[in-house]
Amino acid sequence: MSFTFTWYGHGCMGLEINEKKILVDPFLSDCPTASTTPEDVHANFILISHGHGDHIGDSIEIAKRTKALVISNFEISTWFLNQDIETHAQHIGGGFHHPFGYLKLTLALHGSLLPDGSDGGNPAGFLLTTADDKKIYLACDTGLFGDMRLIGEEGIDLAVVPIGDNFTMGPDDALRAVKLLNPKNVIPVHYDTWELIAQDANSWAERVRQETNTLAHVLNPGQSFSL
Ligand code: NI
Ligand code: MN
């Protein structure tokens, strides 16, 4: 089995598992650091972590073009369904066997108001278990929470965590998150999009290397990491 993670900038990520393409939080056309465009990106599935504009992004346009299935919480799924987009609703703690693996929605400490003011329910992260039992945890937008330890108990191969501060965990709490999750690999995201969340990802990665056994990988938008 092949697994490739690509960071497209900000909180937008692509997962490629065998032939299946999963796009997460596709904020591209208004993202200053985006490495692709809504017209060029591929998707069979679109995962939406929460309702904020920098995560809903271009998802409607991409879903209509690609016919990708949108997977999110019940409230956001209903919002997409009302725009004639095919959806699969889940909720926090619930998992489902999709063609690309077993996907569980996890706790996230954040907000989720949709761009038009609709209620986007509770924000979520994602825990994916692939067919060959690789575990990928996408924290998405969240503050630090102690139950990351429970997520870590599952044995995480790759964790993707925000380090931007202001809206999400900053570098200090993201380092504490790595210690709770104890993943084999970690990739930082949700930073450098704007000056407000500018961070030195390389010095953060150095702290991870010094204080944990986790391998930290700093990507530029457009770069990939394979397991
Ligand atoms: Ni957000
Ligand atoms: Mn965000």
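I count as a polar contact a pair of N or O atoms within 3.5 Å; within protein, one must be able to donate a hydrogen and the other to accept it, and residues adjacent in sequence count only if both atoms are side-chain atoms. This is a predicted model, where local features need pLDDT of at least 70 and side-chain atom pairs count only at pLDDT 80 or more, while totals for chains, interfaces and linings use all residues. Residues are numbered from 1 along each chain as written, chains are lettered from A and ligands numbered from 1 in the order written, and side-chain values use heavy atoms, leaving out hydrogens and water.

**Entry 1: S29**

I began with S29, whose side chain makes a polar contact of 2.5 Å with the side chain of D58. For contacts I use heavy atoms within 4.5 Å. Beyond its neighbours within four places in sequence, S29 is in contact with P38 and D58. I found S29 in the loop between β3 (20-24) and β4 (45-47); helices (H or I, at least four residues) and strands (E, at least two) are DSSP runs, numbered from the N terminus.

**Entry 2: the metals**

Which protein donors hold the manganese ion (ligand 2)? I listed D54 (OD), H55 (NE2), D141 (OD) and H190 (NE2), at 2.1 to 2.2 Å from the ion. Donors here are N, O and S atoms within 2.8 Å of the metal (3.2 Å for Na, K and Ca); water is not among the atoms, so sites may look incomplete. Along the chain, the manganese donors follow the spacing D-H-x85-D-x48-H. D141 also bridges this manganese ion and the nickel ion (ligand 1), with 3.2 Å between the two ions. H55 sits in helix α1 (residues 53-56) and D141 in the loop between β10 (135-138) and α4 (148-152), so this pair, 86 residues apart, links distant parts of the chain. Both H55 and D141 are buried, taking buried as under 20% relative accessible area, exposed as over 50% and partly exposed as in between (1.4 Å probe, protein chains only).

Next I looked at α6, where A201, W204, A205 and V208 are buried. They line one face of the helix, because their directions fall within an arc of 100 degrees seen down the axis; the arc is that of the directions from the helix axis to the C-beta atoms. These buried residues pack against β11 (158-162), α5 (171-181), β12 (185-189) and β13. The face turned away carries the exposed N202 and Q210. D200 caps the N-terminal end of α6, with a side-chain oxygen 3.2 Å from the backbone nitrogen of N202.

Is T214 buried or exposed? It counts as buried, because its relative accessibility is 2%. T214 lies in the loop between α6 (201-211) and β13 (215-216). Its side chain reaches the backbone oxygen of P183 at 2.7 Å.

**Entry 3: α3**

In α3 (residues 74-81) I noted I76, S77, W79 and F80 as buried. They are on the same side of α3, because they cover an arc of only 155 degrees around the axis. They pack against α1, α2 (59-66), β5 (69-73) and β6 (87-90).

**Entry 4: cores**

A nonpolar core is a set of buried Ala, Val, Leu, Ile, Met, Phe, Trp, Tyr and Cys residues joined through side-chain atoms within 4.5 Å. The largest one has 51 residues, and F100 and W204 are among those with the most contacts inside it. Its largest share, six residues, comes from α5. Another core lies apart from it, with 18 residues including C12 and F80.
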